Amino acid sequence: MNTAFRVITRVKSMLGAVRLPPDIATTVRSVPVSRRGLVWLGVAALGIGISLTVWQLQNAPAAGESPAAGVKATRGDLVLTVGGVGRIVQAGSSAEITLPAAAAGGSTTSGSAASGGASTAAGTSATAVFPATSGRLLRFLVAPGQRVAAGQPLAQVDDHRTAATAFAQAQNDVAMALLELRQKRTSDPLKGLPATPAELAAARRAVTAARLRLARLLHGPRPADVSTARLDVKRAEADLETLLGGTTQSHAEAILLAQHNVQLAQERLDRILAGPSASDVAVAQSDVKRAESDLAILFKPTAGTVPEEIVAAKAALHAAVLKLAKLLEPPNPADVTAARVELERAQAELRRLEAGPSPAALAAARQAVGSARARLAQLLGPPLRSDVSAARFDVLRAEADLAVLRARGGPASPIDVAVARLKVVAAQLKLTSARAAKPLLTVSAPSAGTVTALLTVPGAPVDPLTPIAAVADLDRLGVNVDLSEFDVARVKPGLRAVVSVDALGGKSFRGKVLFAALTGTSTGGVVTFPVKVGIAQSSGLRPGMNVSVRIIVAKRHNVVRVPLEAVSRDEEDKAFVTVVDAEGTTSARTVTTGLTGNESVEIVKGLRAGERVVLPETQAQAEEP
């Protein structure tokens, strides 16, 4: 009876709480509905309301139980895990130092999986087989799926006789190194051929001449050197006196002579520019007429002339005509230019004599006089230390040159012989390396495993940087997973992990962390760190499968725990929970938290197992009127 009453009351409250918006209410009123339709619509609404109320009452707390009953604090184990989605790879050590080229996603601590996984490059580097030399693939000796042992031949490479050529060259280098060593022990080629007698004699003469120069410096100059120095002084003084113009009278005479030269040059230029005089033209014309008359007389029959006289008369006439033509022509530009140049030169000489010598010329002449006098004083006085040092250096250099000539053609020094021995050793090592390169034409398996792929075809070019096959140890598999920078800080080698494989129906495998990278990779601003987890039993797993990995980073046994959402923080950042007593009264209580798991948090102090705490959503419902 009470239940029925509660149902009816709840239905009435629900129906009374229904409020339609004005526009919808207006639309509903405007729709013509029959009375029977309204009755059936009301019955349907009442039935729906009764059903909802019954469901809420069945799931509501029992009589006398407060809506804010919450959940109980329980005692048990608390586990904190991190992880994400990874990919099965071979658990080889070479993959531990390989960073992914790009991370497909990050990892989360509170249950959300990291997307992506280690890149394909990481798996390839762990299983790839590389040739040790370049060339072309001759043939494969295995097939995919075949199990191979460590060192078993997988393929053969043709290097076009590169290894054979290198071996022959290495043999030649050894022979050359041995020959050089023998030469250095007898006659070092670097020291040149033995000196000839003429070279030795010239070197001895150079030593003698250097010693004589040093002796002259130390014992005073020769009389001839002193006489030469005095003549140099007189010559420099004479040059200076000439530059100054000599005495006053000679200087005045030189100026008069220069003025006369200027006058003559000016007259010559004026004469050229003025042209010929009338008397000169008349004389030239008279000469032409006289030559013509002489030639006409010679042509008369009664003259009795000879041909030579006619030729001479013609030449005289031609010369007279040319002379007259030259007089009548304007002056020659070349003659005018030459006359002007001569005039300018005479004027410049006059100006120079009138102005006197330039300061620079006087300074140079005086410096020459000073240098000559200093040289004479040096000869007459004691030798300078610099000259003595230079003479002694010349003696040492001449003696060193003689010693070098005497050493030419001799054996090498001990250091050079030792270097030659090292060259022999290096050539022999190169020969050993070339000899060892021949077996490199056969590509062998680096470790035991199964051939999972052949990555090229016979005849294709190969090199040491490109893999030709993949050999994986399917008995030792692992998982590469990328973790966020927050999660990887909690991960270290040796932690236990659980690997779930969706392709095998969610089957789980136990694992252990083998490696956590120290350097992260940034992709789109998200930094991830590759982590490798080894799998103990890998039956049924294959490289490349996508799996889910959870790494257990912390665990507490038999501790008091409550849901994460039950713990809140006050203004002072202190943790507290809302506790519900038996009467349904709630009160806030400060607690000390410990390990925070993925769903629960450890309560170290302030709460006992069995006490109830209010969850935020439950507390909000309890506070509703």
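Visitor: I'm looking at the sheet, so which residue of E8 stands opposite Val 148?

Guide: In E8, the residue facing Val 148 is Gly 449. One caution: this is a predicted model, where local features need pLDDT of at least 70 and side-chain atom pairs count only at pLDDT 80 or more, while totals for chains, interfaces and linings use all residues. Residues are numbered from 1 along each chain as its sequence is written, and side-chain values use heavy atoms, with hydrogens and water left out.

Visitor: What do labels such as E8 stand for, and how many bridges join E5 to E8?

Guide: An E label is a strand (at least two residues) and an H label is a helix (H or I, at least four residues), both being DSSP runs numbered from the N terminus. Strands pair if DSSP finds at least two bridges between them. Here, two bridges link E5 to E8 (residues 449-454), and these strands run antiparallel.

Visitor: What is the strand order in the open sheet, and which strands are at the edges?

Guide: The order is E3-E10-E8-E5, four strands with antiparallel pairing. E3 (128-129) and E5 (147-148) are the edge strands, each pairing on one side only.

Visitor: And where is Asp 475, buried or exposed?

Guide: Buried means under 20% relative accessible area, exposed means over 50%, and partly exposed is in between (1.4 Å probe, protein chains only). Asp 475 belongs to the loop between E10 (469-472) and E11 (477-484). With a relative accessible area of 52%, Asp 475 is exposed.

Visitor: What does Asp 475 touch?

Guide: Contact means heavy atoms within 4.5 Å. Leaving out residues up to four places away in sequence, Asp 475 touches Arg 147 and Ser 538. Gly 449 turns up again here: its C-alpha atom is 8.2 Å from that of Asp 475, and these two residues are 26 residues apart along the chain.

Visitor: Now the helices: at what angle do H9 and H10 cross?

Guide: Axes are lines fitted to C-alpha atoms, for helices over the stretch in contact, and angles run from 0 to 180 degrees between N-to-C directions. H9 (residues 278-298) and H10 (residues 307-328) have axes that come within 9 Å and cross at roughly 160 degrees. Angles under 35 degrees count as roughly parallel, over 145 as roughly antiparallel, 65 to 115 as roughly perpendicular and the rest as oblique. H9 and H10 are therefore roughly antiparallel.

Visitor: Which residues make that contact?

Guide: Among them are Val 281, Ala 284 and Leu 295 of H9, and Ile 310, Ala 313 and Leu 324 of H10. Ala, Val, Leu, Ile, Met, Phe, Trp, Tyr, Cys and Pro count as nonpolar, Asp, Glu, Lys and Arg as charged, and the others, Gly among them, as polar. The contact of H9 with H10 has 15 nonpolar residues, one polar and six charged.

Visitor: How do I read H6 and H13?

Guide: H6 (residues 197-219) and H13 (residues 385-407) have axes that come within 9 Å and cross at roughly 165 degrees. That makes H6 roughly antiparallel to H13. The contact includes Leu 200 and Arg 204 of H6, with Val 388 and Asp 394 of H13. Its residues divide into 14 nonpolar, no polar and nine charged.

Visitor: Last one: what phi does Asn 558 have?

Guide: Asn 558 isn't a glycine, yet its phi is positive, about 55 degrees. This residue sits in E16 (residues 546-563) and is partly exposed, with a relative accessible area of 49%.
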